[in-house]
Amino acid sequence: MSLEKTEGLVIRQADFSESSRVVTFFTREFGKVAVIAKGAKRLKSSFEVALDLLTTCGIVFIRKSSSALDILTEAKLQQRFKPRSGDLRSLYCGYFVAELLDGLSEEYDPHPHLYDEAQATLTAFAADGPLELGLLRFELIVLREIGQLPNFHECVVCGELAVADLSFDFKVSQGGLVCRECQGEQSYASPDRIQAGSLAVLHCLESETESAWQRLVPSPIQFKEIRSAVTAAISHALGHRPRMLNFLKF
Amino acid sequence: MTQYGPAITRLIDEFEKLPGIGRKSAERLAHHTLRCSNAEAFALADAIRQVKLAVRSCSVCFNLTEKPVCDICADSRRDHRVICVVEQPRDMMAIEAAGVFPGVYHILQGRISPLEGIGPDKLTIEPLMRRIRADGVREIVMATNPTLEGDGTSLYLSNLLEGQPVKITRLARGIASGSVLEIANKEMLADAMSGRQAF
């Protein structure tokens, strides 16, 4: 057993007993950590109001060497996620970030870059950052961090580069784009078609440069194609369609 | 290794299903049940049976009641045009115990929690909307818990009520009476400052 101190984002919580809760944090140093917060539901709990969903707090916990849950001993509120006033979509986008972090990260597998990006994404959702594009970008960052980002740059079969005069199909089962030549006849009627313009938007979204993607204004068709490809990749990685998409209704 | 016969084991198993009861406590309760008189044990069994058979949700507000309409909804002295919306009956009882609310209640039977698969369709939102339209309600007091999900549920309801001739308010939040400023966290202070009132 060792005492650990870090900063974490609450991504899930469930009642454990009359007064205790099991809280899952996504932390910078340790990745996902599930702890039992004894007495968390009591009015005079030592965790105060720090354990609400999407709250960032400084925590101290006892790390168990066995498979038992770690024990939270201290939690101090640092920042609470506040969705835009009257905007349910910004709240649901925040929930989606929590769903992705919980579903696609492993316990004690740290991803400091992903932690920083999650914080930046939530800050943008609470302010006036673009919701749909911001979420797409975060999904791509998560996929890259866990090593499951599909290849959006070339045909995964023949290596043909994705350039402006070619259109491709997106095949999540094959790990990325497949050109018409490699798809053969069936490609012409494929619902997985992704146009060159949509790919250009995707490339900008997945690039590391901070500001360029915020100026993107994709057409409805481009957004639909990109959303379809990213949803397929996320669903493939999660093993099911994300719950929050039923609420966001893209 | 089974130490007890099937009847005692079954009783222990049933006690263990209760919230906050582990195996040891379940065994203690089972031994207490065995020790007490038949009349006492049967009274407990009968009370459990009665509560399951007699208690239902109020047809108006979804409070727990043994009649078709609960005492609060049936009380003509209350202001039926002001509805306080809470997540569960225990929240309503807490407000009732304070004795400060003259209106009536509506129990949502939960809160919107998309990550747990609880959407608006799983709550009593549609009956609330029907009630508001039919009863000429003038004020809705949002008293969901001050958590992200509780506030999200209130936000969903207020969006749904947009355009309706009804005033929407929510419980005040901030510093508790009797506490001191220097130990209040920044969240409490921010809430108190943004919700300040004319003196």
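How much accessible surface does chain A have, and what share of it belongs to carbon and sulfur atoms? The accessible surface of chain A comes to about 11,700 Å², with 51% of it belonging to carbon and sulfur atoms; such areas come from the Shrake-Rupley method with a 1.4 Å probe, and for residues only the protein chains shown count as cover. This is a predicted model, in which local features need pLDDT of at least 70 and side-chain atom pairs count only at pLDDT 80 or more, while totals for chains, interfaces and linings use all residues. Residues are numbered from 1 along each chain as its sequence is written, chains are lettered from A and ligands numbered from 1 in the order in which they are written, and side-chain values use heavy atoms, with hydrogens and water left out.

**Chain A as a whole**

- Chain A has 7 helices and 9 strands; helices (H or I, at least four residues) and strands (E, at least two) are DSSP runs, numbered from the N terminus.
- The C-alpha trace of chain A spans about 65 × 40 × 30 Å along its principal axes.
- Chain A has 250 residues, and 51% of them count as buried; here buried means under 20% relative accessible area, exposed over 50%, and partly exposed in between (1.4 Å probe, protein chains only).
- Of the contacts in chain A with a separation of 6 or more, 60% are between residues 24 or more positions apart, where contact means heavy atoms within 4.5 Å.

**Chain B as a whole**

- Chain B comes to 8 helices and 6 strands.
- Read from the N terminus on, the elements of chain B run α-α-α-β-β-α-β-α-β-α-β-α-β-α.
- Chain B is more spread out than a compact globule, because its radius of gyration is 22 Å, well over the 16 Å that the globule rule gives for 199 residues. That radius is taken over C-alpha atoms, and the globule rule is 2.2 Å times the number of residues to the power 0.38.
- Along the principal axes, the C-alpha trace of chain B spans about 65 × 45 × 35 Å.
- In chain B, 36% of the 199 residues count as buried.
- The accessible surface of chain B is about 12,600 Å², and 56% of that belongs to carbon and sulfur atoms.

- B:His106 sits in strand 4 (residues 103–107) of chain B, and B:His106 is buried, with a relative accessible area of 0%.
- The side chain of B:His106 reaches the backbone oxygen of B:Thr124 at 2.9 Å.
- Leaving out residues up to four places away in sequence, B:His106 touches several residues, among them B:Val60, B:Phe62, B:Ile83, B:Val85 and B:Leu128.
- A:Leu77 belongs to strand 5 (residues 70–79) of chain A, and at 12% relative accessibility A:Leu77 counts as buried.
- A:Leu77 and A:Asp52 are 25 residues apart along the chain, and their C-alpha atoms are separated by 9.5 Å.
- Not counting residues up to four places away in sequence, the residues that A:Leu77 touches include A:Val49, A:Ala50 and, from chain B, B:Glu187.

**Salt bridges**

- Side chains of opposite charge can pair when their charged atoms come close.
- Over all chains there are 22 salt bridges, each being a side-chain nitrogen of Lys or Arg within 4 Å of a carboxyl oxygen of Asp or Glu.
- A:Arg89 forms a salt bridge with A:Glu132, and their closest N and O atoms are 2.7 Å apart. A:Arg89 lies in helix 1 (residues 88–104) of chain A and A:Glu132 in helix 3 (residues 131–145) of chain A, so this pair ties together parts that are 43 residues apart in sequence.
- B:Lys67 and B:Asp71 meet in a salt bridge through their side chains (2.6 Å, N to O). B:Lys67 is partly exposed at 44% relative accessibility, whereas B:Asp71 is exposed at 53%.
- B:Glu149 and B:Arg111 also meet in a salt bridge (2.9 Å, N to O). B:Glu149 is buried, with a relative accessible area of 12%, while B:Arg111 is partly exposed at 30%.
- Salt bridges that share partners join A:Arg12, A:Lys32, A:Asp102 and B:Glu116 into one network.

Terms used:
Polar contact = N/O pair within 3.5 Å; in protein donor to acceptor, adjacent residues only side chain to side chain.
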